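Subject: Structure handover

Hello,

Here is the model we talked about. Please load it and read the notes below alongside it.

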Amino acid sequence: MKTVTVHDPMFRRLSRNVLLRHGLMALLSAGLVLIFAAIHGEWSPMHRWNRALADASLVLVALSMGLGPLARLLRPAVLVLTYRRESGIYGCLLALAHAGIILVGWVEWDLMRLFGFEWNPELLSYVMFQHGFGLANAIGIAALLLAILLASTSSDVAMRRLGVSGWKFLQMGVLPLWWLSVAHVAYFLFMHFLSFHRATPEPNPLQYWFVGLVVLVLGLRLAAYLKTIGGRRIPESQDERAKHAPI
């Protein structure tokens, strides 16, 4: 009986099937959103889905960050390296939905409130009410704009138009995107609900999972970097995508 391995041509064809990759990533995205919505089940509907979309988006961006170094460290991971593109695209789509809920349900299209200001009827002007909220949302907006740029150029057409070097340089924007996302999420997980003028709620159950996710991504990238500078060459027979995969 024939033994099917991860290097079987069938698995390679499946990993290169664009529609299949989009379908699987759409299912993963929906599953993550539902899982996080269940975790936040006691929250109001607006905050529940707002955070579920944000949490799922962060996981997908982390996946996009982690697959490159993973392919450097584990040869079989080369077959899922192609999913980096779709994970980034769907992470961006979930972030857009998250931002839409914030605009409609939280700040109610009042952009001043988005940056921490509230209308004071006595002064007849906006006053700064939540300093951290405004800064965190400014960071989130920067991350979202960068995510849109990266997602809109995550295609073979964009690669041909920009040239391989220009396209790779642009796609390295995933690094600042990751750290902007981490800073944005960290504020809402650890600091936003510590205001002196209101009761402090129970800690978010995802706080330590978030820390673990950040440490995991850092660990993968550090390990891949150390392997790269260690001078250990990848055999010529290995898939070229692993050989040149950016970490």
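L145 sits in helix α6. This is a predicted model, so keep that in mind throughout. Is L145 buried or exposed? L145 is exposed, because its relative accessible area is 56%, and the cut-off for exposed is over 50%.

L145 also belongs to a nonpolar surface patch, together with L93, L96, F115, I141 and I148. Helices α4 and α6 each give two or more residues to the patch. The largest share comes from α6, with 3 residues.

Transmembrane annotation

The UniProt entry is unreviewed. Under "transmembrane region", the record lists residues 20-40, 52-75, 87-107, 127-151, 172-194 and 206-226. Two of these spans can be set against the model. Residues 127-151 are 84% helix and 8% strand, with end C-alpha atoms 36 Å apart. Residues 206-226 are 95% helix and 0% strand, and the end C-alpha atoms there lie 30 Å apart.

Nonpolar cores

The largest nonpolar core holds 39 residues. Which residues have the most contacts inside this core? They are W178 and F210. Six helices supply at least two core residues each: α2 (18-39), α3 (45-73), α4 (83-106), α6 (131-152), α9 (174-190) and α10 (207-229). The largest share, 10 residues, is from α3. Another core lies apart from the largest one. That other core has 9 residues, including W106, L114, F133 and F188.

Beyond four places in sequence, F210 touches L58, V182, V185, A186, L189 and F190.

V59 is in helix α3. V59 is partly exposed, because its relative accessibility is 26%. Sequence neighbours within four places aside, V59 contacts L32, F36 and L213. V59 and F210 are 151 residues apart along the chain, yet their C-alpha atoms are separated by 9.2 Å.

R51 is in helix α3 too. R51 counts as buried, because its relative accessibility is 7%, and buried means under 20%. What does R51 contact, leaving aside neighbours within four places in sequence? The partners are H40, W43, V185, F188, L189 and N204.

Salt bridges

The whole structure has 5 salt bridges. Side chains of opposite charge can pair when their charged atoms come close.

One of the bridges joins R85 and D156, at 3.2 Å from N to O. This pair links distant parts of the chain, 71 residues apart. R85 is in helix α4, and D156 is in helix α7 (residues 156-162). R85 is partly exposed at 21% relative accessibility. D156 is partly exposed as well, with a relative accessible area of 44%.

E108, R113 and E118 form a salt-bridge network. Between E108 and R113, the closest N and O atoms are 3.6 Å apart. Between R113 and E118, the N to O distance is 3.4 Å. E118 is partly exposed, because its relative accessibility is 24%.

Regards

Terms used:
Residues numbered from 1 in each chain as written. Predicted model: local features only at pLDDT ≥ 70, side-chain atom pairs only at ≥ 80, totals over all residues. Heavy atoms only, no water. UniProt positions renumbered as here; feature names shortened; annotations may be inferred. Helix = DSSP H or I, 4+ residues; strand = E, 2+ residues; numbered from the N terminus. Core = buried A, V, L, I, M, F, W, Y, C linked by side-chain atoms within 4.5 Å. Buried < 20%, exposed > 50% of the residue type's maximum accessible area, 1.4 Å probe, protein only. Contact = heavy atoms within 4.5 Å. Patch = residues over 30% accessible without salt bridge, like charges linked within 9 Å, V, L, I, M, F, W, Y side chains within 5 Å. Areas by Shrake-Rupley, 256 points an atom, 1.4 Å probe, with all protein chains shown as cover. Salt bridge = Lys/Arg side-chain N within 4 Å of Asp/Glu carboxyl O.
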